Amino acid sequence: MKNSHSMNNSHPQKNIVVLVSGSGSNLQAILDACNNHTIDASVKAVFSNKTDAFGLERAKSAGVDAHSVNPKEFNSREEFDHELMIKIDAYQPDLIVLAGYMRILSSEFVRHYAGKMVNIHPSLLPKYPGLHTHQRAIDAQDKEHGTSVHFVTEELDGGPVILQAKVPVFEDDDADMLASRVLTQEHNIYPMACKWFIEDRLSMVNGQAVLDGNVLGKHGYAEE
């Protein structure tokens, strides 16, 4: 047995694989939640499409396998994703977490991990799929902005929402100020959604997010 922690539990500990393209601050939040047993799982590996992604350093610091796979070495998105799938599957993941992973995923990849791949997107989906969400919220003079955790489907940023967090937009905000306010919330809600999934409370059924047997609405779980 690797650790005494898993001996007390009748079920084997679940495995998480995280994909990053950048700093990986959400990865850090999930690593921390696993370390303090908020999430009863372990991050087995971190993959990046960028060799210099700081998220890979975070993985190494935590003693987690860190891999970069260079898209330029492949002839197509499909070939790249196929190779990535083989590498990911070696870790037998129960959950795939996209934490600032900035590549569009091929259909095969999405279908392969359907129902066990989640993403966090910095807007209150269905508003502002895609890029530059903070500036778009400011330009639209929105009073509130936020972030959404959702299951990944073949529609970009279009999978069923699990959980959202809202932040106010202030008149003197620029995109960076707003981004940092949103990121603080992401570090709270992303580990929470992962915890629900690992505890078998959360699933995707018929294209909808289901928590504790209840189908979630289009904005996901709301505490109100």
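Student: How do you know that the side chains of Arg 201 and Glu 199 meet in a salt bridge?

Tutor: Their N to O distance is 3.9 Å. A salt bridge needs a side-chain nitrogen of Lys or Arg within 4 Å of a carboxyl oxygen of Asp or Glu. So the pair qualifies. Salt bridges that share partners also join Lys 195, Glu 199, Arg 201 and Asp 212 into one network.

Student: What kind of model is this?

Tutor: It is a predicted model, where local features need pLDDT of at least 70, side-chain atom pairs count only at pLDDT 80 or more, and totals for chains, interfaces and linings use all residues. Residues are numbered from 1 along each chain as its sequence is written, and side-chain values use heavy atoms, without hydrogens and water.

Student: Why is Asp 173 called buried?

Tutor: Its relative accessibility is 8%. Buried means under 20% relative accessible area, exposed over 50%, partly exposed in between (1.4 Å probe, protein chains only). So Asp 173 counts as buried. Asp 173 forms a salt bridge with Arg 181, with the closest N and O atoms 2.8 Å apart.

Student: Why is Arg 181 called partly exposed?

Tutor: Arg 181 has a relative accessible area of 21%.

Student: What makes Asp 176 exposed?

Tutor: Its relative accessibility is 64%, so it counts as exposed.

Student: How do you know that strand 8 and strand 9 pair?

Tutor: Strands are DSSP runs of at least two residues, numbered from the N terminus. Two strands pair if DSSP finds at least two bridges between them. Here 4 bridges join strand 8 to strand 9, so they pair, running antiparallel.
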